[in-house]
Amino acid sequence: MDAVAAATTISESAEWGALDAHFAEVGAQHLRELFAADPTRASELSIEVDGVYLDYSKNRLTPETIRLLVALAERAGLRQHVAAMFAGETINVTEQRAVLHVALRAPESESILLDGIDVVPEVHRVRRKMAAFADRIRSDEWKGHTGKPIRNIVNIGIGGSDLGPHMAYTALQDYSDRWRTFHYVSNVDATQLWESLRDCEPDETLFIVCSKTFTTLETLANARSARDWLLERLDDEAAVKKHFVAVSSNAEEVHKFGIDPANVFEMWDWVGGRYSLDSAIGLSLMIAIGPERFGEMLAGFHAIDVHFRTAPLERNLPALLGLIGIWYIDFFGAETQAILPYSQYLERFPAYLQQLDMESDGKSVDLDGKPVSYATGPIVWGQPGTNGQHAFYQLIHQGTRLVPCDFIGFAQPNHAIGEHQNLLLANFLAQPEALAFGKTREQVVSEGVAEEQVTARVFEGNHPSNTILATKLTPYTLGQLVAIYEHKVFTQGTIWNIDSFDQWGVELGKMLAQGIIPELEADSEPELHHDPSTNALIRRCRGLMPDDTSFQRSES
């Protein structure tokens, strides 16, 4: 495609140059001035999509900025790239794969082709298999090895196989089966597995091992230790089939582990880990909230998919978020993005988006293998308000760094207790206002503040933010939010002409670790060939390690 080819030099394009010139004109303007100059700004720079309202008027931009950013997206071929993704084309260039997470939430009536084959029927076949299994667990029809129902679900995975289902379970805990407990184990640090199993009875515990290849080092280490824990207590290899299931595409390795082939839930190589929440990776979530609620979440995903595919870019919510991010990263030089949900249920949402964004767009070479000449993905971080207000908001308000913020809130609470919701909403609305408009020296002086404190109590303002407001946190709304950010990341990756769907940066450290493991385990002093620092650290660790580092569970 010509537009795709043109995107390889996007920073040299006329559209990029127009934004450079525009930034020179408006970049220093204060939000106070922008609002004063345009009484319609709040309504003009906002959009509502299927109950999700985005107010982006508190950004340091104008309607002309949006027009120029849309022109940049058109030059980069965003529309063509979106169509290519939905058509099953090979847009993951370095791994030569299609990218079809959108098929995971497509209704059964739709058709999405990959190499001429409709993948939607297979997706729904696996989903029905998931639903049947989840219903058996939830109804207590499925019994463990000793005939007891399952009370503890332990999801073992890492990366997207953990962050996605863990985030979603936490977010939708209000809709979950509270009779059962759910644990998520990802860290190869045995502490996490030990703490998760500490209060579990083995004959009431089900492990879901999530690994597409069933070779992931950390996941398999945790799975084997969990298997040992189970067999030490139940003393029967047959117990594995009643207490372990797998989400994987490697049936042979799963069978070797001892898992019943009937209890393997398939994955496909066209679904990346960080985009897999709505695949069988979400099995623990489906058990928690039930197949019907899981379907509601998928419907929320799909609604945003349709919007992203069809809405004009200037009224396209995910695209707008992506373009606004480009504006700050590449023209203001912002290096981070704060995600600030005003919902305790979304406490794990920033960590989930951290992987989604940083693993997708944390790239320094383009699709042609050439170094990029512009900044790409931001550092993503955050935590729920109001906690963050008493932690890091100080820096955002009065520090020296520009930190664009996304505030996410809900008008209705999941639990109404006293005046809590009004207090929460008041803070949710006040913080973007304070960031945008600040407090001038004159205002501080008029309050009678002592002269020696005046400068310390001035708020410069002009700190940008988006405000995302929905009615209530539901499975449907969560699906919408995740899809919005998925497509935002895709928008930015397209403009930067990078591969948002590979992750080669995670490989080197894991490869080196494989070589260090036998050096740590060697009976005699090994010959080391690392750099002097790493060699010294290995020797120090060996000197401090206990003789037995195997997994042991205290009975206390």
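How many bridges join strand β10 to β12? Four bridges join the two strands, β10 being residues 336–341, and they run parallel. The model described here is predicted.

## The sheet

Strands β10 and β12 belong to an open sheet of six strands, in the order β1-β2-β13-β12-β10-β11. The pairing in this sheet is mixed. Its edge strands are β1 (46–49) and β11 (379–381), each of which pairs on one side only. From one strand to the next, the twist averages 15 degrees.

The parallel part of the pairing includes β12 with strand β13 (residues 465–470), over six bridges. An antiparallel pairing is found between strand β2 (residues 52–55) and β13, which are joined by three bridges. There, Y53 has L469 in β13 as its bridge partner.

## Strand β12

Strand β12 covers residues 405–410, and six of its six residues are buried, so the strand is largely enclosed by the rest of the structure. In a regular strand the side chains alternate between the two faces of the sheet. In β12 both faces are covered: one side has C405, F407 and G409, the other has D406, I408 and F410, and all are buried.

Two of these residues can be followed into the neighbouring strands. D406 is the bridge partner of I339, while I408 has I468 in β13 as its bridge partner.

## A helix across the sheet

Helix α16 (residues 349–361) lies across β10, β11 and β12. Its direction is at about 165 degrees to β11.

## Helices α2 and α5

Two packed helices are described by the angle between their axes and the distance between the axes. For helix α2 (residues 14–26) and helix α5 (residues 63–75), the angle is about 160 degrees and the axes are 8 Å apart. An angle over 145 degrees counts as roughly antiparallel, and α2 and α5 are therefore roughly antiparallel to each other. The crossing of α2 past α5 is left-handed.

On the α2 side, the residues in contact are A14, E15, W16, A18, L19 and H22. They meet E64, T65, L68, L69, A71, L72 and R75 in α5. By class, this contact between α2 and α5 has eight nonpolar, two polar and three charged residues.

## P165 in helix α8

Is P165 buried or exposed? P165, found in helix α8 (residues 160–171), has 0% relative accessibility and therefore counts as buried.

Leaving aside neighbours within four places in sequence, P165 is in contact with N155, G160, Y184, L277, I281 and S284. The C-alpha atoms of P165 and L285 are separated by 6.1 Å, although these residues are 120 residues apart along the chain.

Methods. Residues numbered from 1 in each chain as written. Predicted model: local features only at pLDDT ≥ 70, side-chain atom pairs only at ≥ 80, totals over all residues. Heavy atoms only, no water. Axes fitted to C-alpha atoms, helices over the stretch in contact; angles between N-to-C directions. Parallel < 35°, antiparallel > 145°, perpendicular 65-115°, else oblique. Left-handed = near helix turned anticlockwise from the far one by under 90°. Contact = heavy atoms within 4.5 Å. Nonpolar A, V, L, I, M, F, W, Y, C, P; charged D, E, K, R; others polar. Buried < 20%, exposed > 50% of the residue type's maximum accessible area, 1.4 Å probe, protein only. Pairing = 2+ DSSP bridges.
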